[in-house]
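Open the model in your viewer and keep the selection panel at hand. The tour takes one chain by itself, then the place where two chains meet.

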Amino acid sequence: MALKRLSREKREARIAYMIIIPFFIYIAFWNLIPLVQGIFYGFTNFNALSPPTWVGLNNFRRFFDPVNQYITLLWRQIWMGVLALSINTVLSFFIGLALNAKMKGRGFFRVSVYIPAVAAVSVTTAVFVSLLDPINGGLNRFLISVGQNPIAWSHSQFWMVFWVIVFFVWRNVGMAAIIWLGGLQGIDPALHEAAQIDGASKFQRLRYVTLPGLRFVAGYIILTGIIAVMQMFDVVMFISAGNPFGQTDVLMYRIYRYGAVHFNLGMAGTSSTILGALTLVFAVIYLRFNFKREENEHA
Amino acid sequence: MRKTGRIISKMAWYIVMLFVAFIMLYPLIFSLLAGLNTRQEFGHMGALFPVPSVPQFQNLLFMFSMRGLRPLLNTFLRTGWYTVIVCMMAVLIGYVMARYKFKGKNFFLISILAVQVIPGVLTLIPGFIFMSQLPFVGGNNWRGYGGSGLINNPLSIFLPLGWGFLIWVFLFMQTMKSMPKDFEEAAQLDGCGFWRMIFQVIIPMNKPIIAVIAVNVALGVWNDWLIPFLYVTDMQHSTLPAYLGMLTSQLQQFGENDYPRIFAMSTVATIPPLIIFLFLQRHIIEGIASAGVKG
């Protein structure tokens, strides 16, 4: 009996390795090698035509020299990202709350908030570009027809940032709202009833029953959000292309241009490494902060 | 008094939600309408709702000419291919991780979760260079120089497998763990082998979660414009969203733009995922919601 069991375990282990290891090797081939290579390129000068030459920390020194604007672009990536993410998180929370109300037709509204995420970014940004056309765009024609002055959208940093964020929120708010909704529906209704019997007001119930129950969901939304906004460049590329005069350019967009257009792969590697490391640092800080708060509340 | 208050708050809910739904649907309505215009008419109209005087279908029909059909077909092939591969991977690895005992399971589990937080910026550009420097393909020498590698090769949008997909392995494993083992044990007593177990017991019994995985992967791959956009420059070998990405990024550069053609293509590019979504929205929404709760 014992002998047979042992052989069964051995057989299981063999099957498991035969299933898992080929997939892992294949995935490592396409992901792990580029990851290591990218960090390595950060310490070299490399244009993909001839082999890279080692330059040590030179690229990093260039990155931190304010003359080269990398810091400016990094900072803009961060503040635009924080702005987009916080608006998205708050707005999606209220939409999730509204979708949780027991009303007729909420299925339709649930579907409609998610629909922007069904179409590709490259597809829906064209609508924004067309509407923002300074002369023949729908928005300026509309402004004129209600007696306002038309606005040269693409000549103003404020308006370009505004529309980039509007697009980001428009596309992502539905997905976040549905994650919130999943969290809201996971809260035990008995808790709400108990609070109601104890005389808690609607607002108190939101503060002391609903919000604590959503901690993990909030963590998930914010964590994936941080990782997403720190790499956001497609919206910027399509809607503003960094205009006016590079005033809405972000670091990730420059990395993309260096990597795919200008082949300045050394600086692309350096900037990627710094941006990636910073994203991880933000994620870890956020996680630590979240867990610490939890420990305090349990103590 | 309370009753009128309730009616008012109900009315407010509907008004706000209708407004939100309108904003959400507006760009899609816009692109549907705009695609039915002629270039001249659209160029001078500048309306928030570009209703054509006479609906024109030539831009939609362009999609079904030889030049338009190839990218559409590529998108279908690519989506189908990745959906099948990722579902197979999720089922196979998820099953053995949930049920089998073996050394190193924790290592595999931790690496599946750890790679989920690695920012894509670290692999995007190096992945592109890696593609272009694969030795012995596309005119490259053994060190990977001299040619263009797999860049612009039709295969390049089918071969890479991003490690983000491993999250679905985790989801399948978690679901398997919460399922009773009775059927599997009965099948095992009857002498059922590994592959028969997978195809005749595990897959039929876990159809709902496989549907969740398939639908979410399919939507993600369909809408992934960036990888084909980077890896393929000849749009005949690329996908429709990547083609549109190229056209949209050029909108910033030139004065005269053929908006109606772009919007007609957008409409065609959006219809398949929209249909998938409308029919299977329960699975998608479940997948997103459980990602938040379980992750």
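Helices here are DSSP runs of H or I with at least four residues, strands are runs of E with at least two, and both are numbered from the N terminus. This is a predicted model, in which local features need pLDDT of at least 70 and side-chain atom pairs count only at pLDDT 80 or more, while totals for chains, interfaces and linings use all residues. Residues are numbered from 1 along each chain as its sequence is written, and chains are lettered from A, ligands numbered from 1, in the order in which they are written.

Select chain A and colour by secondary structure: chain A has 13 helices and two strands. Its radius of gyration (over C-alpha atoms) is 25 Å, well over the 19 Å from the globule rule (2.2 Å times the number of residues to the power 0.38) for 299 residues, so chain A is more spread out than a compact globule. The C-alpha trace of chain A spans about 80 × 65 × 40 Å along its principal axes.

Next, select 1–39 and then 69–298 in chain A; these are domain 1 and domain 2, with bounds from an automatic or database domain assignment. Their centres, taken over C-alpha atoms, are 37 Å apart.

In all, 72 residues of chain B are in contact (C-beta atoms, placed from the backbone, within 7 Å) with 78 residues of chain A. Elements giving two or more residues to this side of chain B include helix 1 (2–34), helix 4 (66–99) and helix 13 (259–294) of chain B. Finish on helix 13 of chain B, which gives the most, with 16 residues.

How values were computed: Two residues are in contact if their C-beta atoms, placed from the backbone, lie within 7 Å.
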